[in-house]
Amino acid sequence: MLLHETFGLFKMALNDLLNDVKVLAIVCNQFGDTGKGKFSDYFSEWADVIIRGTGGNNAGHTVMANGRERVFHLLPAGMLYDGAGKVNILGNGTVINLEVLLNELKDLRKEKLSYDNLMISKDAHVVIPYHIEFDKRENSSQENGNIGTTGRGIGPAYTDKVARRGISIGDLFDKDILRKKIIENLKYYKAFDVDDIINNITEHASELKPFVRDTVAEVHKFARTGKRILLEGAQGLLLSVEHGT
């Protein structure tokens, strides 16, 4: 059987499998890097809404479109379908490096690709420069039993979230709350200036404000109206703090 015939049968089988499906999740039961990006891109054509619910910019999905490779470190792989009206969401479980996200949007603009339907959860947390500095200093080396992270501040950002002292996207638009939280956090992260941090992150935040939503409410609305929802997993099960190594 020819390759294109085999793929045609595979596609027909998938279409039959998804006939009555409204929510599809793509996950990895290993360490990640197992091709989730390819499947996320493939099923984005089927979905109306593509949601990335976890992870930061140490995870990335690589997709090929029009013969070109694109790597999305934060944006859902379905961003290439924005022009077709598909909604892409960064959910409340993600941790967002504002500069990285803005650079990804800038790359889309350079290619004249839209991101009009992007939504960013107001409850997603922000990777602050002190998270990155701390991660590089304390965790990136595998010496002394350290986990050996990518040094991008993901773990410390989640640590602050669990400790209920993290900065959410919504906090960025209230300078009083933002200042209070950063002052509190600098008890744990030394050698940073409050005003420098505030100026850095609020400058980035202003460009993202039009996309900030209560994404939980939005997703419930999409589900009620019968939209097809794709849940795009990040990393892999064996990196889980509950189930991993």
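Helices (H or I, at least four residues) and strands (E, at least two) are DSSP runs, numbered from the N terminus. The model is predicted: local features need pLDDT of at least 70, side-chain atom pairs count only at pLDDT 80 or more, and totals for chains, interfaces and linings use all residues. Residues are numbered from 1 along each chain as its sequence is written, and side-chain values use heavy atoms, with hydrogens and water left out.

**View 1. Ser168 sits in the loop between α5 and α6 (175-185).**
Ser168 is buried (under 20% relative accessible area; exposed is over 50%, partly exposed in between, with a 1.4 Å probe and protein chains only). Its relative accessible area is 11%. Leaving aside residues up to four places away in sequence, Ser168 touches Lys122, Asp123, Ala124, His125 and Val126. Contact here means heavy atoms within 4.5 Å.

**View 2. Arg164 lies in the loop between α5 and α6.**
Arg164 is exposed, with a relative accessible area of 78%. Its phi is near 65°. That is a positive value in a residue other than glycine.

**View 3. Lys112 lies in the loop between α3 (98-110) and β7 (118-121).**
Lys112 is not a glycine, yet its phi is positive, at about 60°. Lys112 is exposed, with a relative accessible area of 76%.

**View 4. Helices α4 (residues 129-138) and α5 (residues 154-162) cross at roughly 120°.**
Two packed helices are described by the angle between their axes and the distance between the axes. The axes of α4 and α5 come within 7 Å. Axes are lines fitted to C-alpha atoms, for helices over the stretch in contact, and angles run from 0 to 180 degrees between N-to-C directions. The two helices are therefore oblique to each other. Angles under 35 degrees count as roughly parallel, over 145 as roughly antiparallel, 65 to 115 as roughly perpendicular and the rest as oblique. The crossing of α4 and α5 is right-handed. From α4, the contact uses Tyr130, His131, Phe134 and Asp135. From α5, it uses Ile154, Pro156, Ala157 and Asp160. By class, the contact has 5 nonpolar, 1 polar and 2 charged residues.

**View 5. The protein chain has 8 helices and 10 strands.**
Of its 245 residues, 42% are buried. The chain exposes about 13,700 Å², and carbon and sulfur atoms supply 52% of that area. Among contacts between residues at least 6 apart in sequence, 71% join residues at least 24 apart.

Technical notes. A crossing is left-handed if the near helix is turned anticlockwise from the far one by less than a right angle, and right-handed if clockwise. Ala, Val, Leu, Ile, Met, Phe, Trp, Tyr, Cys and Pro count as nonpolar, Asp, Glu, Lys and Arg as charged, and the others, Gly among them, as polar. Accessible areas come from the Shrake-Rupley method with a 1.4 Å probe; for residues, only the protein chains shown count as cover.
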